[in-house]
Amino acid sequence: MDTTMPTDIDTLCVDTMRTLAMDAVQKANAGHPGTPISMAPVGYELWQNHLNFDPADPAWPNRDRFVLSVGHASMLLYSLLHLTQTVALDAQGKPTNTPTVSLEDIKQFRQLDSRTPGHPENHVTSGVETTTGPLGQGLANSVGMAVAERFLAARFNQEGHALFGHKTYALCGDGCLMEGISYEAAAIAGHLGLGNLCWIYDSNRITIEGSTALATSEDVKARFTAAGWAVAEVMDANDRAALRAELRKFAEGAHGDKPTFILVHSVIAYGAPHKQGTKEAHGEPLGAEEVKLTKRFYGWPEDAQFLVPDGVYAHFAAGIGARGAGLRKAWEARFAAYKAAFPALAAEIEAMLAGGLPAGWDAEIPVFAPDAKGLATRDSSGKVLNAIAARVPWLMGGAADLAPSTKTNLTFGGAGEQEAGSPGGRNMHFGIREHAMGAMVNGMALSKLRAFGSGFLIFSDYMRTPIRLAALMEVPSLFVFTHDSIGVGEDGPTHQPIEQIVSLRAIPNMLVLRPADANEVAEAWRVALRQTHTPTCLILSRQALPTLDRGTYASAAGLARGAYTLIDAPETLMVDGKPAVILIASGSEVALCLSAHKMLTEQGVGTRVVSMPSWALFEQQDEAYRQGVLPDAVTARVTVEMGSTIGWDRYAGPKGVALGMHGFGASSPLKDLLPRFGFTAEAVVEAARRLIKQE
Ligand SMILES: Cc1ncc(C[n+]2csc(CCOP(=O)(O)OP(=O)(O)O)c2C)c(N)n1
């Protein structure tokens, strides 16, 4: 080791983190060196001396959570995962003997197939709690995680058996705090009294365009005080003792039920002689020469790269490693005792952690009797959700102030409200905060709850980013969207979704289900709950839809295959065993197609109706099944959905027609909107007949 190097082991560890970050970014010739460099002492202090995390088992259930909301500062997290020698988990979530981030991975920062992508991705790198990069998301994820911790404690902890009691930390920057989602998340965290939550704010007053003075002059401390947080300030990010004191206060519960906000002043890229404090240090490599000069400033060997000096791994192992292992083992012993004393509850916990469901979870899902008048799919959804939630104790969620409309209230005995004084409540009141709701649901899902958030489909736009991230993260978040078309009626174009369904379908790994009647709703919930790595958007109607007679029509179990033949042409009207025309629809338009089917049959046209609640599930079926439902030979096809027609042409085919919406709708009773926009059985019949004539 070079004799000029820091002799104090803590500084040595911090400088190892700083130099790994600058070397990785330099080698990749891309990335964000400034914040990992300046926040190294903060990351080090938190992980080494406070975070209850076991590098040997990064999925230990009662670990503290660390969320890097400043996702671009990914090298901070990667160096911590590397230096703590955190292990990778296997596909079953069990610890392996291989590191989650090796030194080689750090050398491969931002390269194809490395464990060190540009921004942390939870499904790629064990030990990364959540995928961050879109600023502010991590903050709202952390609120969801803190809610989940309190919920689990309320549900499972027993006298003398405290299984859950961990903290959630998030590191944010100027960007996260400028994002609106941080206001939503902070407000609800303060309201709920999340004393288990701590945000550390890196106030370096630099963003991409320059000084934060360009765009903000807010009193951030006053803002958090107003939201009911305990606010602390550390004047220099390098002052680990000052930070330690604040972190101790938080961990010891000095702020009671108030979440903790620690503002830390820092200089971005601290120690880089020409780049520190500049916007360039935010998102550009320092440059080879500046890297050398910065290393010289730390007393580091200037030409050494990716250097981990002797003693660094051992020091982390003796700190966070030993503490985490001790806590994890003690917890496992506690869990064993718990299991002996409360076997049923322990079984629930094990099922929950494995992404499973309790035996008989779907036993009370109702079967809906045929009913021409029927009920809205949001109403049948409310009944199904309640039947499931009564049997899945870790299913919880709510709405952004629309539960009476989205029918997501859990009404069974003991469901309870999620509030400051009732952390075990199953009904979450997110407030009118769709964006935070989406990200909180993801945070809860990452904590193994089956969490749902609901609202009007039109407002899914407000929560687009967390919906997308749920799919990217491979978590089975549940999003319930009602008022799914111009069927909204009088509220008009501001509330009538048009392009929303197709835009949700466009998200990879997103299960979009638009059931046609109450029994398809039951199947949709069944399919959604079975997901372990895929989120679901349930798309439901405001208006009543007939409950189909499954004696006449095919079983609603067909929903699981994405599309199925609901009713075919009578044998007498088949030509070469095929119908003349296929009508394909989802949700509320299926009933319309059944009316058209009746008329066409009376007119002697062999007609098949296909209910298509999910494109994605249909695409997963084998060719034979798909051909069975939509044979190439039948080219006269009409698709009907009261939304954008984009994408339906795939199923209509080159000779078919897609009926849908081409504008924004209008404010009026639905009965007048339907003929105006062409959603009548007559219009479907006419379209079908036109196609047949053309053939
Ligand atoms: C939602 C969102 N908008 C924009 C960006 C692009 N972006 C990445 S970092 C950044 C500036 C962040 O500044 P700050 O939080 O102060 O980070 P620091 O400069 O301290 O690293 C921006 C605008 C983003 N990642 N997410």
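Colleague: Why is Glu-184 called buried?

Modeller: Count the neighbours. Glu-184 has 26 other C-beta atoms within 10 Å. The cut-off for buried is 20 or more. So with 26, Glu-184 is buried. Keep in mind that this is a predicted model.

Colleague: Where is Glu-184 found?

Modeller: In helix H8, residues 180-192. The C-alpha atom of Glu-184 is separated by 5.9 Å from that of Ala-436, and the two residues are 252 apart along the chain.

Colleague: What makes H15 mostly covered?

Modeller: Ten of its 13 residues are buried. Among them are Thr-377, Arg-378, Lys-383, Val-384, Leu-385 and Ile-388. Each of those has to meet the cut-off of 20 or more other C-beta atoms within 10 Å.

Colleague: How do you know that the span of H15 is close to the expected one?

Modeller: Helix H15 covers residues 377-389 and reaches 18 Å from its first C-alpha to its last. The expected span is 1.5 Å times one less than the number of residues. For the 13 residues of H15 that gives 18 Å, and the model is close to it.

Colleague: Why do S17 and S21 stand at the edges?

Modeller: Look at the order first. Five strands form an open sheet, S17-S19-S18-S20-S21, with mixed pairing. Strand S17 (564-567) and strand S21 (657-661) each have a single partner strand, so one side of each is left without a neighbour in the sheet. From one strand to the next, the twist averages 25°.

Colleague: What makes S17 and S19 a pair?

Modeller: Pairing needs at least two bridges. Three bridges join S17 to S19 (residues 607-611), so the two strands pair. They run antiparallel. Thr-565 has Val-610 in S19 as its bridge partner.

Colleague: Which domains does the assignment give?

Modeller: Domain 1 (9-326), domain 2 (371-545) and domain 3 (554-694). The centres of domain 1 and domain 3, taken over C-alpha atoms, are separated by 52 Å.

Technical notes: Residues numbered from 1 in each chain as written. Predicted model: local features only at pLDDT ≥ 70, side-chain atom pairs only at ≥ 80, totals over all residues. Helix = DSSP H or I, 4+ residues; strand = E, 2+ residues; numbered from the N terminus. Buried ≥ 20, exposed ≤ 12 C-beta atoms within 10 Å, placed from the backbone. Axes fitted to C-alpha atoms, helices over the stretch in contact; angles between N-to-C directions. Domains from an automatic or database assignment.
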